[in-house]
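Hi,

Here is the structure I promised to pass on.

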Amino acid sequence: MNIATSKELFERAQDYIPGGVNSPVRAFKAVGGDPIFFAKAEGAYMYDEDGNAYLDLINSWGPMILGHANKQVEEAIFKAVIGSPSFGAPSRMEVELAELITEMVPSIEKVRMVNSGTEATMSAIRLARGFTKRDKVLKFEGCYHGHGDSFLIAAGSGAATMGIPNSPGVTEGTAKDTLLAPFNDLEKVKEVTASNKGEIAAIIIEPVPGNMGCVLPNSGFLEGLRSLCDEEGIVLIFDEVMSGFRLAKGGAQEVYGIKPDLTTLGKIIGGGMPVGAYGGRKDIMDFVSPQGPVYQAGTLSGNPVAMAAGYAQLSYLNENPEVYTDLEKTTKQILEGYQKVLKKHKLNYTMNQIGSMISLFFTDQKVFDFETAKSCDTELFGKYFRFNLENGVYLPPSQFETWFISTCIGGEEVQKIIQTFDQFLKQSQG
Ligand code: PMP
């Protein structure tokens, strides 16, 4: 495969952009090789600067649930751009999108738009702190909530890949207010809560983590957190930046039947444009400025182009709920195909899947938290990643990321994904 133009662009990029990329995982540090520079994308495929096609299993890390260049979303964007790329003042689409979100995610009574998932989680914990008048937050090892200082402690995603459990620049004071517990370990959460009684403002969690690979909550775990938060007056925040509108119209909270106090959103909500949001209980959201005392603002928040893209994508999902059963069916076909291939090669690697999120872990252990995720052979993952890339399948460049399936992935693509895996195992064993 000729990737000469990507190589040349990466050389140039390294002179002017730190590491040559605008987000660390894109540099392929964890998997080796040079990053690919893309020129366009359509449906299930992305096309690089040299004209190579790649079957895309990242889908922009989640937002492109309807595949690339979806006509409905694109048309909404074009129409909005002609209106004006930015007003910096209220506009109709903000109201309509807020109404639609509250309809699709019933725990959200009021919602505030921001520009990224990071902003959403940072704002949500400030709000929880302002509301409870407490300072500490509890997060789970391996969960990633964006790059806000409070969250760069035992974080997943790029931070896990790059081995930066505590980034320089995060002050000791900030780190001390972030408490940790292993995912799926309710007893540990209870212990930490007891030893910090009356001091914890929020428990924040990815209800279905995608940032240590796809990990599922054990039965009773999320329910246990809900009860504990109720007993202790702690704000329960579901970070559904990934799982929101992906696992169901109402996200993971609909699938598991748990109502968080606050929810953070991003990715799908923007249809590919930069958007995040946080919302939840009205009494808490009314603490947000200008209604309440907790300050949070944004020059481009509620941007008309982003709102139009998000509205087009969410309304499609809202009106076509069969999308979710179709996505699950496709993802299950990949899961079952992979399992068959593993069996054929007498291997026992772990796979986790829910809805259109799926991960292959290069370990025989069950993966239910960050420790077990870390038992994977990441070197082997690197080989597997590069083999896929050379064969035109674009996987997330890290063991600690989920794959995201889009509605554009059909039977032909599923076969290609499975065959490539079979060929990889054949050559790596042979
Ligand atoms: N929360 C979760 C669960 C995420 O997966 C991410 C990003 N992958 C974020 C927050 C941060 O979002 P953003 O990259 O848009 O800042």
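Below is what turned up, starting with the annotated lysine.

Bear in mind that this is a predicted model: local features need pLDDT of at least 70, side-chain atom pairs count only at pLDDT 80 or more, and totals for chains, interfaces and linings use all residues. Residues are numbered from 1 along each chain as its sequence is written.

The UniProt annotation (unreviewed entry) marks Lys 267 as "modified residue: N6-(pyridoxal phosphate)lysine"; such annotations may be inferred rather than shown by experiment. Lys 267 sits in the loop between β9 (262-265) and β10 (276-280); strands here are DSSP runs (E, at least two residues), and helices likewise (H or I, at least four), numbered from the N terminus. Lys 267 counts as buried because 26 other C-beta atoms lie within 10 Å (the cut-off is 20 or more, with C-beta atoms placed from the backbone). Beyond four places in sequence, the contacts of Lys 267 (C-beta atoms within 7 Å) include Trp 61, Gly 117 and Val 241.

Now the ligand. It is surrounded by 17 residues, taken as those with a C-beta atom within 6 Å of it; Ser 116, Gly 117, Thr 118, Gly 146 and Val 241 are the closest. Helix α4 (residues 117-132) gives the most to this shell, with 3 residues.

Finally, a helix pair: α3 (residues 92-104) and α11 (residues 304-319) pack at about 35°, axes 9 Å apart, with axes fitted to C-alpha atoms over the stretch in contact and angles running from 0 to 180 degrees between N-to-C directions. Leu 97 and Leu 100 are among the α3 residues in that contact, and Tyr 311 and Leu 314 among those of α11.

Cheers

Technical notes. A residue is buried if 20 or more other C-beta atoms lie within 10 Å of its own, exposed if 12 or fewer, and partly exposed in between; C-beta atoms are placed from the backbone. Two residues are in contact if their C-beta atoms, placed from the backbone, lie within 7 Å.
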